[in-house]
Amino acid sequence: MSTSNDRIHLEQVAEQAMKQMFATSPETAAFHRGDWIDSEYYRRHLIETVLRIRLNNEVDAFALYKISYKDNMLAQILARYLAEEYGHDGLFLRDIEKFGLSAADVDRIAPFHSTDKLIGYLYLSIGRDGPLPTMVWNWFVEWYSDRYNKVITEAAARAFGHDHVKGSLGHIHYDESHDHDDLMWAALQRAIDGWGGTEKAETYLRHFVELIREYFDELLVATVPQPEPVAV
């Protein structure tokens, strides 16, 4: 495929996979449309965002190590992205404090099992295929953010007040002003060309969306009381 065709194809794969995820959970779909939100659900989502940012920065550093001298341009792009993402957990911690938890409280919270699975899968995959998996993941994170995070954050502002979303909005604006979607696409295209091809990138993308589905299922069960099954 050409560069433009690769991007169009993977965007279509991501969009279709997200639609399939939404079809399995009305709450997850409504959350991403900005039609439903719950304070405990949203607070825990912010906490997991902080934990994932920290863990993902370590994964990116590992991927940078695996690139080594083999692709200086790709290493430079990833190093720039990593440098720009460091410290962004602090933006979300500001919002979490508005929900009654301190940074020290967050430090004592363990990641969800789905997050452990995602991070473990990234390390395993990078060991097999070099930087390709983390480039797929980072690009997907930016693609997802462009399409859903502003909608979710605006819904949170309506529900809880603007003071509760200042850090989240700051992160969104930073990513937009630094063109992180395009930056990560450039990195992914280079990884596709040099480290595994479009078909392998698509496989990773589908796996990552499935892990995101597991996360939102786990988030819902952990924070929103589920109806008791009706005895027959």
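Guide: Let's start with Tyr144, which is buried at 10% relative accessibility (buried is under 20% relative accessible area, exposed over 50%, partly exposed in between, with a 1.4 Å probe and protein chains only). This is a predicted model, where local features need pLDDT of at least 70 and side-chain atom pairs pLDDT 80 or more, while totals for chains, interfaces and linings use all residues. Residues are numbered from 1 along each chain as its sequence is written, and side-chain values use heavy atoms, leaving out hydrogens and water.

Visitor: How many aromatic pairs are found in the whole structure?

Guide: Rings of Phe, Tyr and Trp (its six-membered ring) pair if their centres lie within 6.5 Å; planes under 30 degrees apart are stacked, over 60 edge-to-face, the rest tilted. The search of the whole structure gives 22 aromatic pairs. In one of them, the centres of Tyr144 and Tyr148 are 5.1 Å apart with planes at 50°, so this pair is tilted. Tyr148 is buried too, at 13%. Both tyrosines belong to helix H8 (residues 132–160), four residues apart, so about one helical turn separates them. Helices here are DSSP runs (H or I, at least four residues), numbered from the N terminus.

Visitor: Which residue lies over the face of Phe112?

Guide: A charge sits over a ring if NZ of Lys or CZ of Arg is within 6 Å of the ring centre and within 35 degrees of the ring normal. Over Phe112 you find Arg44, 4.0 Å from the ring centre. Likewise, the charged end of Arg52 sits over Tyr215, 4.5 Å from the centre of that ring.

Visitor: What is the phi of Ser68?

Guide: Most residues other than glycine have a negative phi. Ser68 is not a glycine, yet has a positive phi of about 55°. Look for Ser68 in the loop between helix H3 (39–67) and helix H4 (72–85), where Ser68 is partly exposed at 38%.

Visitor: At roughly what angle do the axes of H8 and H9 cross?

Guide: Axes are lines fitted to C-alpha atoms, for helices over the stretch in contact, with angles from 0 to 180 degrees between N-to-C directions. For H8 and helix H9 (residues 166–177), the axes come within 10 Å and cross at roughly 145°. Residues making the contact (heavy atoms within 4.5 Å) include Ser145 and Asn149 of H8 and Leu169 and Ile172 of H9.

Terms used:
Helices (H or I, at least four residues) and strands (E, at least two) are DSSP runs, numbered from the N terminus.
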